[in-house]
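Thank you all for coming.

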Amino acid sequence: MMIKGKKRTVLWMWFLLAAPCLWAAGSKEPAPKQTEALSILVYIPGMVAGSPPYEMLVAGAESFAVAHTGVKIKVYEAGFNQAEWEEQLTSMVAGGEYSLVLSSNPSLPEICANVGKKFPNQKFIITDADFSGNSQISTYLFNQYEQSLYLGYLAGLITVSTMEYANPDKRIGFIAAQEYPLLNNHILPGFREGARMADPDISVDFRIIGNWFDANKAAELAAGMLSTGVDVFASIAGGAAQGLIKTAQERGAYLVYHNINAYKTAPGIIVGCGLMQQKKLVEEILADVLAGKIQYGTSKTVGVKEGYLDFIADDPGYTNFVPSEIQTKFNAFMDDIRAGRVSYTLPGL
Ligand code: RBF
């Protein structure tokens, strides 16, 4: 029997709509077994773009996953509402699909400790943090006092120099996104101490943005600080640092930059960059995870001597724009830092 006209069209439509469902139902298989050697949740407390520690964390995890079969990663950006982080992490690990949560942030261990109470088999590794005594958590702390010390020293040499944008005021600036123990106890004091090693009369103007994304607020703060005689800045501000860079470019001021090679962002303005080897650290940590060599419950501090922090002295952004007598002084200081000849007391957190 032939089916014609409208009726045939309706039948065809029914077939087209229903077929995929019938096929899917027929081919339904049990959910794939978790066969990966390692399934990692890379938990980003913020956004990746514009935040060097997070960019390097993701880069390290991705390169490790590419180089090792059986390693799967999922990157989750938790956004800037810190009040939501614990709940978000809880729901991410509730399914038990991740053998490891990997993150980087000094405030994360406490959140992980709370989440871990509900999921006693869940393991957490957090860099840029210091937390010990919890058998589910392992942390690695970058010695940011040290990086701030040498960046502060360079900022100090520049503010008392005759460089184009340097003024006679012995005043440098530090803009932070928010206050937290690592910032208040290591980063800012290290910066101040380093500047004073260049000249004891240097003062540091410290301002807070209030979040990690408001570039306009950072620009406003920078403009105010410039008016009070600040001529060299440092910042720990994630994406908001773009506002400071813009103001420094427009008005003429220098920046020293933590953690990454940012010279190309503003040549002649960003004149000194530290380097945090977060990517390398993450790759090594993950190799230890695969080898079963992680010691949970412990915290390890890594700095220049261990090869996880340094200064980028071979970039034209430094060699072409910083006068040679400052380079000579600063490079000698870095050699002393590397050799452990600069004595300082690492404050508690
Ligand atoms: N650093 C960033 O680069 N971007 C961020 O969004 C960011 N958010 C943070 C949120 C909190 C609550 C804390 C304590 C730190 C945050 N950091 C962020 C700082 C980062 O972990 C690190 O300490 C600094 O970048 C210095 O290396």
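This is a predicted model: local features need pLDDT of at least 70, side-chain atom pairs count only at pLDDT 80 or more; totals for chains, interfaces and linings use all residues.

Residues are numbered from 1 along each chain as its sequence is written, and side-chain values use heavy atoms, with hydrogens and water left out.

How confident is the predictor? On pLDDT, which is the predictor's confidence in each residue on a scale from 0 to 100, the protein has a mean of 92, and 90% of its residues reach 70 or more. Over residues 1-6 the pLDDT is below 50, and beyond near neighbours in sequence this stretch has 2 contacts in the model, a contact meaning heavy atoms within 4.5 Å. Residues 13-35 also have a pLDDT below 50, and that stretch has 5 contacts beyond near neighbours in sequence.

Now the overall picture. The protein has 11 helices and 12 strands, these being DSSP runs numbered from the N terminus, with helices (H or I) of at least four residues and strands (E) of at least two. Of its 349 residues, 49% count as buried, and among the contacts with a separation of 6 or more, 69% are between residues 24 or more positions apart. The protein exposes about 16,500 Å², of which carbon and sulfur atoms supply 53%; the areas come from the Shrake-Rupley method with a 1.4 Å probe, and for residues only the protein chains shown count as cover.

Let me turn to helix H8, residues 241-251, whose buried residues are Ala241, Gly243, Leu244, Ile245, Thr247 and Ala248. What covers these buried residues of H8? The cover includes helix H7 (215-227) together with strands E6 (171-176), E8 (232-236), E9 (254-257) and E10 (270-276). As a general point, an α-helix has 3.6 residues a turn, so residues three or four places apart point the same way. Glu250 itself is exposed, with a relative accessible area of 57%, and just after H8, Gly252 takes a positive phi of about 90°.

Two other residues deserve a look for their backbone. Most residues other than glycine have a negative phi. Asp128, in the loop between strands E4 (123-127) and E5 (137-142), has a positive phi of about 65° and is buried, with a relative accessible area of 10%.

Next, the salt bridges, of which a search of the whole structure finds 10. Asp199 and Lys170 meet through their side chains at 2.9 Å, N to O; Asp199 lies in the loop between helix H6 (181-198) and strand E7 (203-208) and Lys170 in the loop between helix H5 (144-159) and E6, so the pair ties together parts that are 29 residues apart in sequence. Asp199 counts as buried at 12% relative accessibility, whereas Lys170 counts as partly exposed at 33%. Lys170 also forms a salt bridge with Asp201, with the closest N and O atoms 3.9 Å apart, and this pair links parts of the chain 31 residues apart. Asp201 is exposed, with a relative accessible area of 56%.

I will finish with the cysteines. How many disulfides does a search of the whole structure find? The search finds 0, a disulfide being a pair of cysteine sulfur atoms within 2.5 Å. Cys112 is buried at 1% relative accessible area, and Cys273 counts as buried at 0%.

Terms used: Buried means under 20% relative accessible area, exposed over 50%, partly exposed in between (1.4 Å probe, protein chains only). A salt bridge is a side-chain nitrogen of Lys or Arg within 4 Å of a carboxyl oxygen of Asp or Glu.
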